Amino acid sequence: MATDAAVAADPPASKGCPAMKAEFAKHAEYLNALNDKRERLVKASRDITMNSKKVIFQVHRISKVNKEEVLSKAENDLAAVVNQNIGKLVKELQGTDFWKLRRAYTFGVQEYVEAATLCRFCRTGTLLSLVEINDSLLALSDKSVEPLQLNVLDYVLGVADLSGELMRLAIGRISDGEVEYAKKICAFVRDIYRELTLVVPLMDDNSEMKKKMEVMLQSVVKIENACFNVHVRGSEYIPLLGSSADPDYSFFGASDFDQ
Amino acid sequence: MRPAAVAATATATAAALRLRTAGASLSAPPAALLTPRRAALLLLPLRRLCSPALPHASAAPDSQPPPRLPSPIMDAQFESFRAQLDESSTLRDRIRAVVSEVESASRVATAALLLVHQPVPLEDVLGKAKAQVEVIKGLYAQLAEVLKECPGQYYRYHGDWKAETQAVVSMLAFMHWLETGGLLMHAEAQEKLGLSSGEFSLDVEDYLTGLCFMSNEFVRSSTHQTKYSSYDFILCK
């Protein structure tokens with residue numbers, strides 16, 4: 001009968017033996033340390049998110065006249081984000097933590113990628129690559145500490161968010177009269193969308209990314225519609241808005257019919 | 001108008017150039033708005049074709065970014081991403097194949113152990129289960145081999161074997177209790193699965209969750225043993 005073995009071997013478990021207690025104390029310690037680390041990472045990630053968003057808002061203030069000063073302030077702020085906030089991540093993440101605790105810091109990293117790529121686009125019109133970002137992060141850690149290297153998934157998620165910001169930028173530029181700039185943004189976002197449609201199906205756990213792709217398509221369509229509207233209706237007004245220093249307001253109120 | 005416009009692409013391109021610069025130049029009088037607007041409508045499909053060729057045609061203020069480089073750099077980057085992600089999803093398929101075998105072996109073992117609720121000799125019950133444990137041990141060795149190809153990414157794919165591992169630990173712990181009446185420790189569990197060394201180990205949280213699942217078995221055992229009047233058995237738990 002099944003009972004014999006159980007009764008015969010004097011079950012240590014029922015006496016709450018010290019070995020078991022010590023074992024579970026170790027497990028408790030391990031879990032506490034893990035949760036504390038996770039908390040610290042979440043805090044650091046929130047700081048990164050907040051400061052990256054500030055950089056993005058700074059970049060949105062760009063216009064014809066203040067491009068250089070806005071961009072240089074944004075780039076300085078971005079460098080501060082890297083040194084102070086991302087530095088905290090580097091200290092915490094070692095060994096298997098990069099993947100184990102990814103959920104804790106991924107949002108901060110995505111926001112940072114968004115801010116960094118936006119700054120680079122405004123500066124040069126190109127997409128900041130993952131390799132460049134990782135090279136810049138190598139400087140943060142010394143020999144003893146494993147460097148923080150962003151993985152493909154976080155980078156792609158950040159670039160997906162970038163399209164929303166670029167849409168905002170494009171609409172802003174159109175209302176300022178910089179239609180050419182908006183068209184460049186349009187072409188750029190189209191390229192990104194095209195590239196990402198091939199990458200998304202291959203990503204691990206891509207439900208989040210699929211939602212972002214839908215939003216990205218809406219952003220692309222918005223930019224295209226805005227450019228189209230300016231194009232079709234705006235060719236009479238373009239001389240009035242933006243291209244001359246003194247806009248001539250005398251045509252406002254003039255009715256829109258063929259004479 | 002429209003078909004004519006489309007047909008006259010080549011000749012109209014030059015016209016587009018002239019009209020575009022005219023449209024963008026300063027202070028066009030209202031009467032002349034007629035022509036550029038009609039022409040704009042006419043040439044809309046053409047302008048889309050023309051615009052890549054006319055980056056500097058309009059009066060461009062200084063705040064624009066420099067002309068965008070063609071995108072081979074971007075293409076190359078995303079190409080490499082596709083290659084990486086392709087590799088990783090192939091790896092994931094292999095992991096899933098091994099894990100589904102683990103799951104079926106573990107189910108057979110658990111079913112064998114369920115015989116303990118009936119009056120069957122313990123050795124028989126344990127014998128079948130032990131055979132399955134050997135199979136599972138071999139499968140975990142395979143899994144460790146697969147993961148050797150991507151060092152440091154244990155937790156990237158961890159979700160794929162988490163649930164099955166917890167079921168396996170629960171089964172092992174129950175079996176251990178039936179044999180010895182003691183609690184299976186983490187190190188012993190690792191030993192049984194052959195995961196004591198190397199990077200691929202038994203995650204502590206999986207082990208603890210497995211123990212929680214094991215406790216469900218006791219409730220059933222208690223009721224059954226009451227039926228067979230084996231009160232000592234119940235009290236020992």
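In which helix of chain B does B:A112 lie? B:A112 lies in helix α4 of chain B.

## Basis of the model

This is a predicted model, in which local features need pLDDT of at least 70 and side-chain atom pairs count only at pLDDT 80 or more, while totals for chains, interfaces and linings use all residues. Residues are numbered from 1 along each chain as its sequence is written, chains are lettered from A in the order in which they are written, and side-chain values use heavy atoms, with hydrogens and water left out.

## Helices α4 and α5 of chain B

The axes of α4 (residues 72-113) and α5 (residues 122-147) of chain B come within 8 Å and cross at roughly 170°, so α4(B) and α5(B) are roughly antiparallel to each other (angles over 145 degrees count as such). The contact of α4(B) with α5(B) involves 20 nonpolar, three polar and three charged residues.

B:A112 is buried, with a relative accessible area of 7% (buried means under 20%, with a 1.4 Å probe and protein chains only). Leaving aside neighbours within four places in sequence, B:A112 is in contact (heavy atoms within 4.5 Å) with B:V125, B:K128 and B:A129. The C-alpha atoms of B:A112 and B:C150, which are 38 residues apart along the chain, are separated by 36 Å.

## The largest pocket

The largest pocket has a volume of about 680 Å³, and among its 32 lining residues A:W99, A:K100, A:R103, B:Y155 and B:R156 lie nearest its centre. α5(A) gives the most to this lining, with six residues, and by class the lining has 11 nonpolar, seven polar and 14 charged residues. A pocket here is an open set of points on a 1 Å grid where a 1.4 Å probe fits, with protein on both sides within 12 Å along at least five of seven lines, and lining residues have an atom within 4 Å of a point.

Note on methods. Axes are lines fitted to C-alpha atoms, for helices over the stretch in contact, and angles run from 0 to 180 degrees between N-to-C directions. Helices (H or I, at least four residues) and strands (E, at least two) are DSSP runs, numbered from the N terminus. Angles under 35 degrees count as roughly parallel, over 145 as roughly antiparallel, 65 to 115 as roughly perpendicular and the rest as oblique. Ala, Val, Leu, Ile, Met, Phe, Trp, Tyr, Cys and Pro count as nonpolar, Asp, Glu, Lys and Arg as charged, and the others, Gly among them, as polar. Buried means under 20% relative accessible area, exposed over 50%, partly exposed in between (1.4 Å probe, protein chains only). Grid points are joined across faces, edges and corners, and a volume is the space filled by probe spheres set on the points.
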